[in-house]
Amino acid sequence: MTLDLSSSIEEVVADLEEGFALFDDWEDRYRYLMDMGRELPELTPAEKVEANLVPGCQSRVWFVPRLEDGRLYFRINSDAAIVQGLMALVLRVFNGRTPDEILAADTDFLTRLGLGEHISLSRRNGVAAVLGRVQAAARAAQA
C-alpha cells in the first residue's frame with residue numbers, strides 16, 4: 001500500500017468513494033475491501049502482543065502507532081479478512097498524517113463509502129475503537 005501525502009484526507013476519502021462506486025453489488029465491494037486488507041504488511045511477533053490489542057473489537061486487532069518527524073504512522077493487523085480490509089481503509093485515510101490533520105478529520109468515512117450500513121454493528125464498533133486509538137495517538141503526539 002503506497003502512502004500518498006500529497007492528497008488531503010478529504011481527497012483520499014473521495015478517491016476511496018470513487019473506487020467503491022465502481023462495483024455494482026456488495027459482494028464485489030467486500031472482495032475489494034478484503035483485497036485491500038491483503039496488501040497490508042504482516043506485523044512481527046513482537047508487535048502482535050497483548051499490549052497492542054484493541055479492546056472493543058470482536059476479532060483480534062493489533063494497533064502499533066509511531067511518531068516520526070511530526071507525523072503518525074500506524075501498523076494495524078487483524079485476524080479477520082473483512083476487518084483487515086477495514087483497517088486498510090483506516091490506514092489509507094490516516095497513515096502518515098500530522099496529529100492536527102488527524103484530529104481535524106471527520107472519522108465517519110465508512111458512511112460516505114456506503115459501508116456503514118453494510119457491515120455488522122460489532123465491526124463498526126471495532127473500527128470506532130481503532131479510530132479512537134488513532135485519535136488518542138494524535139492527542140498524545142501533540143502533548
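1. Helix α1 covers residues 9-21, and its 13 residues should span 18 Å at 1.5 Å a residue; the end C-alpha atoms are 18 Å apart, which agrees. Helices here are DSSP runs of H or I with at least four residues, strands are runs of E with at least two, and both are numbered from the N terminus. The expected span is 1.5 Å times one less than the number of residues in the helix.

2. This is a predicted model, in which local features need pLDDT of at least 70 and side-chain atom pairs count only at pLDDT 80 or more, while totals for chains, interfaces and linings use all residues. Residues are numbered from 1 along each chain as its sequence is written, and side-chain values use heavy atoms, with hydrogens and water left out.

3. Which residues of α1 are buried? They are Ile 9, Val 12, Val 13, Leu 16, Gly 19 and Phe 20. They cover an arc of only 115° around the axis, which puts them on the same side of α1; the arc is taken from the directions from the helix axis to the C-beta atoms. Glu 18 and Ala 21, on the other side, are exposed. Buried means under 20% relative accessible area, exposed over 50%, and partly exposed in between, using a 1.4 Å probe and protein chains only.

4. The packing partners of the buried α1 residues are α2 (26-38), α3 (81-94), α4 (99-104) and α5 (109-112).

5. Strands β1 and β2 run antiparallel and are joined by eight bridges; strands count as paired if DSSP finds at least two bridges between them. Trp 62 has Asn 77 of β2 as its bridge partner. The hairpin has two residues between the strands, and Asp 69 takes a positive phi near 50° there. Six of the eight residues of β2 are buried, so this strand is largely enclosed by the rest of the structure.

6. Arg 71 belongs to β2 (residues 71-78) and is partly exposed, at 26% relative accessible area. Not counting residues up to four places away in sequence, Arg 71 touches Leu 5, Arg 66, Gly 96, Arg 97, Thr 98 and Glu 101, where contact means heavy atoms within 4.5 Å. A polar atom of the Arg 71 side chain lies 2.9 Å from the backbone oxygen of Gly 96.

7. Gly 56 sits in the loop between α2 and β1 (61-68). At 54% relative accessibility, Gly 56 counts as exposed. Leaving aside neighbours within four places in sequence, Gly 56 is in contact with Asn 125 and Gly 126.

Technical notes: A polar contact is a pair of N or O atoms within 3.5 Å; within protein, one must be able to donate a hydrogen and the other to accept it, and residues adjacent in sequence count only if both atoms are side-chain atoms.
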